[in-house]
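Hi,

Here is the structure I said I would pass on. Have a look at it first, and then read my notes below.

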Amino acid sequence: MADSVLYDVSDGLATITINRPEAMNAMNTEAKVALRDSVQAAAADPAVRAVLLTAAGRAFCVGQDLKEHIGSLAADREAGTGSTMNTVREHYNPIVRALTEMPKPVVAGVNGVAAGAGLGFALAADYRVVADTAKFTTSFAGVALTADSGVSWTLPRLIGASRAADLLLFPRSFSAQEAYELGIANKLVPADDLAAEAVAVARALAEGPTVAYAGLKESLAYGAGHTLSEALDKEDELQTRAGASEDHTIAVQAFIAKEKPKYLGR
């Protein structure tokens, strides 16, 4: 992987760190490719049981690198093409699909500003640990763009359609506290504790019942767009799968023995 994104796997936890602190982790082409490849690698690796997505420096990710972007737009005009915006299809969409669809939990450790696509990456995680000094920005309309990186899907599901429309039509920054009150931040922690707390949450998930977590993740996504009857059928399917897992047997045996289960992730 490129230096703009760091990738490490240890004891079932994949840690993906956006690493352009000098640019507030803005996404240039190299970083977008590296992040896409890292997230897809974590999704495909059976040794990975949970993912922590975080960033170096004082920002989480401020979205598209506008310095590179303006140059690409100028090149498009000169060539008479519109290839710059292919980045949504080639980079942002695959990143968000991998984060939301991988059969393992994803934790976002939001250490600072999350704007535009950076907001989208944070919202695509299953759980967000947020520094109390962090900020979120719905910046798309502020640069005459519409939503991408899954924000049109994730944001209204977290905070409701009316509030999502307000934040997107009238882009602004909002604090970590407001993000917590809106339901975007799952856990709010002092900035100095962010790294340790995010690792602790992600590590706990990496040591948990992976098949059950995959089922929970799938059922929540499925239930958001289907009827109750369809959701009940999906729960039946997923519960059958979880019940056949080794971890379920381990959990029941540990419960009877009044011991803490040691899950295998299968």
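Let me start with helix α8, residues 194-206, in what is a predicted model. This helix has 13 residues and runs 18 Å from its first C-alpha to its last, close to the 18 Å expected at 1.5 Å a residue. Its buried residues are Leu194, Ala198, Val201, Ala202, Leu205 and Ala206. They take up an arc of only 140 degrees around the axis, so they sit on the same side of α8. And what covers them? Among the elements doing so are strands β2, β3, β5, β7 and β10, plus helix α9 (210-223).

Those strands bring us to the sheet. It is an open one, built from six strands in the order β1-β2-β3-β5-β7-β10, with mixed pairing. β1 (5-10) and β10 (187-189) are at the edges with a single partner strand each, so one side of each has no neighbour in the sheet. On average, neighbouring strands are turned by 15 degrees against each other, if you ignore direction.

Here is how some of the strands pair up:

- β2 (residues 13-18) and β3 (residues 50-55) run parallel and are joined by six bridges. Leucine 13 stands opposite alanine 50 of β3.
- β5 (residues 106-110) and β7 also run parallel, with four bridges between them. Valine 107 has tyrosine 127 in β7 as its bridge partner.
- β7 and β10 are parallel too, over three bridges. Here valine 129 is opposite lysine 187 in β10.

β7 itself (residues 127-131) is mostly covered, as four of its five residues are buried. Helix α1 (residues 29-44) packs on the sheet as well: α1 touches β1, β2 and β3, and its direction makes about 15 degrees with that of β1.

Now for the inside. The largest nonpolar core has 48 residues, and the ones touching the most other members are Leu35, Phe60, Val110, Phe121, Phe136 and Ile184. Which helix gives the most to this core? That would be α4 (residues 117-124), with six residues. There is also a second, separate core of 13 residues, which includes Ala50, Leu52, Val129 and Val189.

Leaving out residues up to four places away in sequence, valine 110 touches Phe60, Ala122, Val129, Val130, Ala131, Ala134, Phe136 and Leu194. Leu194 is one of the buried residues of α8, and Phe60 and Phe136 are on the list of core residues that touch the most other members.

Two other residues made it into my notes. Proline 21 is in the loop between β2 and α1. With a relative accessibility of 35%, proline 21 counts as partly exposed, since that class lies between 20% and 50%. Which residues does proline 21 touch, not counting those up to four places away in sequence? They are Ala56 and Gly57. Proline 21 and alanine 56 are 35 residues apart in sequence, but their C-alpha atoms are 5.6 Å apart in space.

The other one is leucine 66, in helix α2 (residues 66-79). Leucine 66 is partly exposed as well, at 47% relative accessibility. Its C-alpha atom is 8.6 Å from that of methionine 27, which is 39 residues away along the chain.

Best wishes

Definitions and conventions
Residues are numbered from 1 along each chain as its sequence is written. This is a predicted model: local features need pLDDT of at least 70, side-chain atom pairs count only at pLDDT 80 or more; totals for chains, interfaces and linings use all residues. Side-chain values use heavy atoms; hydrogens and water are left out. A nonpolar core is a set of buried Ala, Val, Leu, Ile, Met, Phe, Trp, Tyr and Cys residues joined through side-chain atoms within 4.5 Å. Buried means under 20% relative accessible area, exposed over 50%, partly exposed in between (1.4 Å probe, protein chains only). Helices (H or I, at least four residues) and strands (E, at least two) are DSSP runs, numbered from the N terminus. Contact means heavy atoms within 4.5 Å. Two strands pair if DSSP finds at least two bridges between them. Axes are lines fitted to C-alpha atoms, for helices over the stretch in contact, and angles run from 0 to 180 degrees between N-to-C directions. The expected span of a helix is 1.5 Å times one less than its number of residues. The arc is that of the directions from the helix axis to the C-beta atoms.
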